[in-house]
Amino acid sequence: MRKDSKKRRTISVAAVIAAGGAGTRMKAGVPKQFIEIAGKPILLHTIESIASLEEVRQIIIALPKEHLPAAAEILNRRVFKADVRCVRGGPNRQESVRRGVNHVRPGIDVIMVHDAVRPLCDEAMMGRVLEAAWAKGAAIPGLPATETIQRVSQRGRVLASPPRQELFAIQTPQAFHADILRTALSRAHKQGFLGTDESSVVRWAGHPVMVVEGSPDNIKITRPLDLNIARLLLSKRSQEKSEIEMDETRFRIGQGIDYHRLAEGRKLVIGGVEIPFERGLEGHSDADVLAHAICDALLGAAALGDIGRHFPDTDRANRNRSSLEFLRIVRTKVEAAGWKIQNVDATLLAQRPKLMPHSEAMIKNIAESLGLETAAVSIKATTTEGMNAEGRGEGISAQAIALLCKK
């Protein structure tokens with residue numbers, strides 16, 4: 001379903017699900033809407049599909065009296081954002097839908113009517129139906145006929161061949177302005193008109209109905225073969241959903257920031273490169289501000305804490321230690337946690353000395369420490385135009401971003 005439709009964002013929708021089928025052709029011993037596929041009754045799959053629409057405020061399920069307890073059991077302990085209730089249906093589908101519509105609360109803009117045994121309706125198709133119904137008053141999904149359709153007599157004689165381009169297989173959900181559907185069903189009830197579906201009743205009452213593109217997956221489960229097809233389609237949909245969810249959690253981004261003062265009597269080591277300068281960075285290790293920021297970015301992306309946790313300045317073993325060793329150890333920890341380093345981007349902030357002439361050597365050292373190609377490591381340097389501690393020449397800082405991918 002499109003999320004950018006300003007026209008539909010403000011409308012409220014109620015759905016009436018017709019669930020009165022006996023399922024005699026299924027030979028399953030239970031009504032077809034209660035047959036389980038993919039671990040759930042068909043009816044529950046259908047309710048969940050409808051409830052996934054953000055516009056749906058109310059779902060009314062019309063069933064025979066004897067099926068109400070079974071439906072209530074399915075809904076027990078399940079929570080939907082829409083108000084879901086079961087009502088007693090009538091002797092035929094049209095009357096069941098009319099009774100369901102009578103329970104639609106005031107203020108609903110559009111009413112959708114759907115078959116209980118169409119569990120594979122997707123949001124995109126339902127979105128098309130709702131948009132067209134809200135714009136035109138009534139809309140139904142349909143698929144163009146792909147084979148020649150003949151009108152045949154009871155004796156098996158071909159009577160006519162309607163033009164194929166005018167023939168569509170009509171599906172549900174069908175959607176209507178609430179007042180249009182209420183009025184049409186009420187008139188048909190009083191005058192004894194019985195349509196083949198809700199759209200035929202609405203057309204009989206004088207309202208035009210628009211057809212939008214349906215979905216080949218939106219099958220109506222009627223025969224045993226349909227069950228097998230539905231199982232395959234639901235399995236495919238579940239797999240696609242899992243793949244999407246996996247992709248969404250497949251990458252992690254981490255950020256690292258580090259600051260060190262400049263001090264007399266220290267070597268200036270950045271990115272594993274010793275840079276000629278009158279002062280160096282103060283710290284317990286070699287105080288490589290760039291390596292430290294990258295370590296924090298990697299550890300943060302993998303949710304493994306920070307550099308101080310893994311290499312505390314209270315540990316004598318870390319005294320004057322090369323921070324490239326820290327990078328190699330962090331790489332091992334990140335990989336042990338199931339992640340692969342994709343790339344690193346870092347920025348150095350210093351007024352003096354000029355650092356960019358040394359960036360190529362820094363990139364080489366960091367790439368080797370992390371097991372990356374040099375093209376996966378970016379190092380930039382900038383001044384702060386004389387502002388803050390870096391600009392006053394009191395220290396140097398580094399910022400880094402790292403991207404991890406699930407191994």
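Which side chains does a polar contact of 3.1 Å join? The side chains are those of Thr384 and Asn388; a polar contact is a pair of N or O atoms within 3.5 Å, where, within protein, one must be able to donate a hydrogen and the other to accept it, and residues adjacent in sequence count only if both atoms are side-chain atoms. This is a predicted model, in which local features need pLDDT of at least 70 and side-chain atom pairs count only at pLDDT 80 or more, while totals for chains, interfaces and linings use all residues. Residues are numbered from 1 along each chain as its sequence is written, and side-chain values use heavy atoms, with hydrogens and water left out.

**Confidence**

- The chain has an average pLDDT of 92, where pLDDT is the predictor's confidence in each residue, from 0 to 100.
- A score of at least 70 is reached by 94% of the residues.
- Over residues 1–9, pLDDT stays under 50, and the model has 20 contacts beyond four places in sequence for these residues; contact means heavy atoms within 4.5 Å.

**Thr384 and Gly391**

- Thr384 belongs to the loop between strand S18 (377–382) and helix H13 (388–391); helices (H or I, at least four residues) and strands (E, at least two) are DSSP runs, numbered from the N terminus.
- Thr384 has a relative accessible area of 7% and is therefore buried (buried means under 20% relative accessible area, exposed over 50%, partly exposed in between, with a 1.4 Å probe and protein chains only).
- Not counting residues up to four places away in sequence, Thr384 touches Leu349, Gln351, Glu390 and Gly391.
- Gly391 is part of helix H13, and Gly391 counts as buried because its relative accessibility is 12%.
- Apart from neighbours within four places in sequence, Gly391 is in contact with Gln351, Thr384 and Gly386.

**Helix H2**

- Helix H2 (residues 42–51) is mostly covered, with 9 of its 10 residues buried.
- Among the buried residues of H2 are Leu43, His45, Ser49 and Ala51.

**Packing of H9 and H12**

- Helix H9 (residues 289–301) packs with helix H12 (residues 359–370) at an angle of about 35 degrees, and their axes are 12 Å apart; axes are lines fitted to C-alpha atoms, for helices over the stretch in contact, and angles run from 0 to 180 degrees between N-to-C directions.
- Leu290, Ile294 and Leu298 of H9 make the contact with Met362, Ile366 and Leu370 of H12.
- The residues of this contact of H9 with H12 comprise 6 nonpolar, no polar and no charged (Ala, Val, Leu, Ile, Met, Phe, Trp, Tyr, Cys and Pro count as nonpolar, Asp, Glu, Lys and Arg as charged, and the others, Gly among them, as polar).
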